[in-house]
Amino acid sequence: MSKEILDGNLMAMEKWYPAFAEQLRNGDYKLDELEIIKEVSQDGELIFRVKQGERLLYLNGKRNAREPADIWMEHLGEIHKYAPVFLLGTGSGIYLKRLIKESDKTVAVVVYEPSLSIFLQMLNEVDLSSEIENRPIIFVVEGLNEAAFDTACRRILSFENRMFLKVVIHPNYQELFYDKVFEKTKLIQKREEFVVSNQMTGVNFSTYMARNQMANMKYLCEGYHVKCLMQTVPHDRPAILVAAGPSLNKNIQELKAAKNRAFILAVDTAMKPLLRAGIHPDAFCTIDPMKPLDLVQADEAKDIPIIASATANSDILQEQRGKKFFYSDGHVLAYYAYTAIGRILPSLSSGGSVACTCLSLLYKMGFDTIILVGQDLAYTDNRSHADGTFKDVMPEENTDGMIRVKGNYEEELPTLGNLKMYLEWFEAHIKGMKEHRPNVRVINATAGGAYIEGTEVMPLRDAIEATCPKEEINFEECIQNVKPEFINDERDKVVEYLHSIPEQFAYIYRDAKKLYTAYHKINLMCRARNMNRADYEKLLKKVKKMTKTCERNSMYQIVSSTMTVGELIVKSESLFSLDSIEEEGKAISKQGMKYAKLLQQCAQILKEFAEETLLEIH
């Protein structure tokens, strides 16, 4: 063990969590009874072997430790820059180091270690100081601060960022610490269910994303996307972005002076307060797959144009009579529908919230002056939203213990972790906007809220008078004159492509069934006496190839997204490296069969829904 390595790790930790580091320094803990044996893998990596009673289990591959980590990261997939990530188990640190290296500093990482002995062994043997000194990795360790796990869940997992959630279990931890790992995955799932509407009880959130994509395709076939707005709506005057922050109560009436003098774009949650005040925005935006319909359900809203992601709540789009403008949010169905006719669906930057998407849109539409209203990003007057959003009068809340940020008009204000995340995104995006277009001006006319670096703080009345010309433009008429993107037989080709989607799900079902059979053969092979190693490795290569065949299908993204948190980690659990090749093969085949069976089930469900929705489009 190296005191120098331990001291370096603790110094890096105490920058973020001094009490936790001090507890480790003082030795204020009691070790568990696990025996940790250090070894070096054949490819030169430090690995741990754990003795638990009569059991000996490797936490990394004893022959090859690097390749399983590479495969693990590949299966983990792209990590969104604002994703909440939970790593259950540290092992010898190789997976943690890769996770930190391959993710943006804005990614919130919680590392849970059920064994204090393993955690201390890692801190003494593995230099993590350069990885953790510049980002606040949250460590939760049994025997030290296990109660902090629930707090960490509440702190980093929100309604807005849950779609980017990643939960992964370190190889062999489910074997060693099944009860503890299962308990933590359930806590994460409970938190995810809590932040989603009651309608989500017992239903996986991502299933709604998949179903929304398919249900929204009939609207996408109308041929309108955000670039049509960019090319049609005049941008030689300001745009006003109206969010639903609590300070909107204070200056909402002043927006009437901007009607037809500025382009008014609202987030979906701001619609009811605006309509109640007699203000009809020129368009509104919605992106959330589970946004409650009643937030926008009003007859006056139905003719207002809507800007939406393909995964937005299809019930909201169904209510709208106005034009529907789509953009690419990274999901495959809308993307491939456009590439079927050789076109690209325009994309927008997103920081996780609908207001972030709106700012990106207004910049791309060419507006050089953007006025922010109701963009509090904090609990102004201890309230979360403007009156008329979720309740006629929003209540004051207990903000004790919340994060504090600098205010526009106050020294500091309470806010939540997800709101601070959006605040940082706004600041970074505004900086980038100004670097590319130096004339861009962002005025923060929010009557309270958090200070956003790069903005000019100004009362809304003054901002309107200073920047909005007296000459009016009928933006409603401009949008009514927008022509659909598709010409000649292009729409028919898009519909033809959409009609082929059920067959793609059928292919995934067929390939997953073959994959299950192959894993079953591995299981039988490893249970037989005198197993032939060459045949085993040959079959493993075949399984890898078959898995890639499933994943290359264009609809695999939709199928995999419907897997629940606990089920999706099955693939990472298949990276076990046990004491014998037979035991390793049994573990791989066991988890592989679970994964293949799940893939079949999801593909079948989505095939049936695709037949119900996509085949109805003509």
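**Close-up 1. The largest cavity in this predicted model has a volume of about 30 Å³.** Welcome to the structure, which is a predicted model rather than an experimental one. One cavity of 30 Å³ or more is found in it. The lining of the largest cavity is made by Ala-12, Met-13, Trp-16, Tyr-17, Ile-132, Arg-135, Ile-137 and Phe-139. What kinds of residues make up this lining? Seven are nonpolar, one is charged and none is polar.

**Close-up 2. Helix 16 is largely enclosed by the rest of the structure.** Which residues of helix 16 are buried? They are Val-354, Ala-355, Cys-356, Thr-357, Cys-358, Leu-359, Ser-360, Leu-361, Leu-362 and Tyr-363. After helix 16 comes Gly-366, and the phi angle of Gly-366 is positive, near 105 degrees.

**Close-up 3. Tyr-335, Tyr-336 and Ile-344 form a nonpolar patch on the surface.** Together, these three residues have about 280 Å² of accessible area. To find Ile-344, look in the loop between helix 15 (332-339) and helix 16. Is Ile-344 buried or exposed? With a relative accessible area of 58%, Ile-344 is exposed.

**Close-up 4. Lys-250 and Asp-381 meet in a salt bridge.** Their side chains are 3.3 Å apart, N to O. The pair links distant parts of the chain, 131 residues apart: Lys-250 belongs to helix 12 (residues 248-251), while Asp-381 sits in the loop between strand 13 (369-373) and strand 14 (403-405). Lys-250 is partly exposed, at 48% relative accessible area. Asp-381 also counts as partly exposed, with a relative accessibility of 40%.

**Close-up 5. A salt bridge joins the side chains of Lys-259 and Asp-282.** Here the N to O distance is 3.2 Å. Where do the two partners lie? Lys-259 is in the loop between helix 12 and strand 9 (263-267), and Asp-282 is in the loop between helix 13 (271-276) and strand 10 (283-286), so this pair links distant parts of the chain that are 23 residues apart. Lys-259 is partly exposed, with a relative accessible area of 28%. Asp-282, at 5% relative accessibility, counts as buried, because buried means under 20%.

**Close-up 6. Arg-276 pairs with Asp-392 in a salt bridge.** The closest N and O atoms of the two residues are 3.9 Å apart. Arg-276 is exposed, with a relative accessible area of 51%. Asp-392 counts as exposed too, at 59% relative accessibility.

**Close-up 7. Asp-7, Glu-14 and Arg-25 are linked in a network of salt bridges.** Why can side chains like these pair up? Side chains of opposite charge can do so when their charged atoms come close. How many salt bridges are counted in the structure? The count comes to 29 salt bridges.

Methods
Residues numbered from 1 in each chain as written. Predicted model: local features only at pLDDT ≥ 70, side-chain atom pairs only at ≥ 80, totals over all residues. Heavy atoms only, no water. Buried < 20%, exposed > 50% of the residue type's maximum accessible area, 1.4 Å probe, protein only. Helix = DSSP H or I, 4+ residues; strand = E, 2+ residues; numbered from the N terminus. 1 Å grid on protein atoms, 1.4 Å probe; cavity = no way out; pocket = protein on both sides within 12 Å on 5 of 7 lines; lining within 4 Å. Points joined across faces, edges and corners; volume = space filled by probe spheres on them. Nonpolar A, V, L, I, M, F, W, Y, C, P; charged D, E, K, R; others polar. Patch = residues over 30% accessible without salt bridge, like charges linked within 9 Å, V, L, I, M, F, W, Y side chains within 5 Å. Areas by Shrake-Rupley, 256 points an atom, 1.4 Å probe, with all protein chains shown as cover. Salt bridge = Lys/Arg side-chain N within 4 Å of Asp/Glu carboxyl O.
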